[in-house]
Amino acid sequence: MKQVTKAAELTAAVEEAKKQGLEIGLVPTMGALHEGHLSLIERALKENDVVVVSLFVNPIQFNNKEDLEKYPRTIDADLKLIEGLIARTEGRAKELLAFTPTVDEMYPDGEPKEVYHFGPVEEVMEGPRRPGHFSGVAVVVRRLFDLAQPKRAYFGEKDYQQIAVIRALLAQIKYPIELVPCPIVRADDGLALSSRNMRLSPAARQMAPAINATLEQAAEMSEYEEVDDVKEWVLDTLASWHEVNGSPDGLRFEPEYFEIVDAITLQPIADWSESGEEGAVGCIAVWLDGVRLIDIVKF
């Protein structure tokens, strides 16, 4: 593994790899790595000759300054995790470049002026609640695409709407990059792994798996209940969880939204028959202990 901090250094390494006809895989992250990230990196190592892993907390995709300040930054630990993964992975990759730029390195001219719009796919769920978020994601991902010139780019399905946005970005900029969605990695108790989980108190961490458990029950209910009934049940179940199960430290779930949408267009459906060939997906955002958690379930 080689740590790269300068864009010019990454560009030079990529150009050399391209001269040799090597295929490059990109795994964009904001660091604070966990097994979910490592599963993306492991897959990239097996499918590409060179892997670029970015570890960069992108300030322009945060519309909440406090959230940006609290986002964990664990570069040294992240690099050790990557080294350990490389040591135990039998893959095709000949080299891994860990790209750890500063904000000034990524945005040498100051805050970027470009703005991206993605239409209906960004006008639901996260979009209205996090203004400018997806444009900020698109700006940094576009720059990583330009620097790494990957054949494949790997993203986790927990951020399901983000994958749809990246798919739309690729269509706009017409880059021949293969978008590789990767399954959610969960803890043994079902909680979707997230960098934000480390901010949960012990009591909240004990409660958090109820999100996935509720979604799994919703998937079973979809066999015999209408869409609106499933949505209402999920929201009511989580909102009243503390009343039914007790409330450690006075904690409670505060659901922000639960939407059942077409798996590709991300547009809400009113009937199960309205979803396309890829089916429907339920996407949820829930506050717990001051931490915003997201998850999905496929129907």
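How are helix 2 and helix 4 oriented to each other? Select both to find out: helix 2 and helix 4 are oblique to each other, where oblique is what remains once angles under 35 degrees (roughly parallel), over 145 (roughly antiparallel) and 65 to 115 (roughly perpendicular) are set aside. Helices here are DSSP runs of H or I with at least four residues, strands are E runs of at least two, and both are numbered from the N terminus.

Before moving on, a word about what is on screen. This is a predicted model, in which local features need pLDDT of at least 70 and side-chain atom pairs count only at pLDDT 80 or more, while totals for chains, interfaces and linings use all residues. Residues are numbered from 1 along each chain as its sequence is written, and side-chain values use heavy atoms, with hydrogens and water left out.

**Stop 1: helix 2 and helix 4**

Stay with this pair, taking residues 75-88 for helix 4. The two axes come within 10 Å and cross at roughly 45°; axes are lines fitted to C-alpha atoms, for helices over the stretch in contact, and angles run from 0 to 180 degrees between N-to-C directions. From helix 2, show Glu35, Leu38, Ile41, Glu42 and Leu45, and from helix 4, show Leu81, Ile82, Leu85, Ile86 and Arg88: these residues make the contact, meaning heavy atoms within 4.5 Å.

**Stop 2**

Now select His34, in the loop between strand 2 (24-29) and helix 2. A polar atom of the His34 side chain lies 2.9 Å from the backbone nitrogen of Gly36. Beyond residues up to four places away in sequence, His34 touches Leu193, Ser194 and Ser195. His34 counts as buried at 17% relative accessibility; buried means under 20% relative accessible area, exposed over 50% and partly exposed in between, with a 1.4 Å probe and protein chains only.

Next, go to Asn48, in the loop between helix 2 (35-47) and strand 3 (50-55). Is Asn48 buried or exposed? Asn48 is buried, with a relative accessible area of 0%. Show its side chain and look for two partners. The side chain of Arg152 makes a polar contact with that of Asn48 at 2.8 Å, and the side chain of Tyr154 makes one at 2.9 Å. A polar contact is a pair of N or O atoms within 3.5 Å; within protein, one must be able to donate a hydrogen and the other to accept it, and residues adjacent in sequence count only if both atoms are side-chain atoms. With residues up to four places away in sequence left out, the residues that Asn48 touches include Glu23, Ile24, Gly25, Arg92 and Ala93.

**Stop 2**

Most residues other than glycine have a negative phi. Met125 is in the loop between helix 5 (103-106) and helix 6 (126-129), and is buried at 3% relative accessible area. Then select Lys174, which is not a glycine and has a positive phi of about 60°. Lys174 is in the loop between helix 8 (160-173) and strand 6 (178-182), and is exposed, with a relative accessible area of 69%.

**Stop 3: Gly136**

Move to helix 7 (residues 133-148), where you will find Gly136. Gly136 is buried, with a relative accessible area of 4%. Leaving aside neighbours within four places in sequence, Gly136 is in contact with Asn58, Ile60 and Gln61.

**Stop 4: the cysteines**

How many disulfides does the structure hold? There are 0 disulfides, a disulfide being a pair of cysteine sulfur atoms within 2.5 Å. Cys182 is in none, and the nearest cysteine sulfur, that of Cys283, is 17 Å away. From the side of Cys283, the closest cysteine sulfur is in Cys182, too far for a bond. Cys182 is buried at 3% relative accessible area, and Cys283 counts as buried at 5%.

**Stop 5: helix 10 and helix 11**

Finish with helix 10 (residues 210-221) and helix 11 (residues 227-239), which pack at an angle of about 155° with their axes 10 Å apart. The two helices are therefore roughly antiparallel to each other, and helix 10 passes helix 11 in a right-handed crossing. Among the residues that meet here are Ile211, Thr214 and Leu215 of helix 10, and Trp233, Val234 and Thr237 of helix 11.

Terms used. Left-handed = near helix turned anticlockwise from the far one by under 90°.
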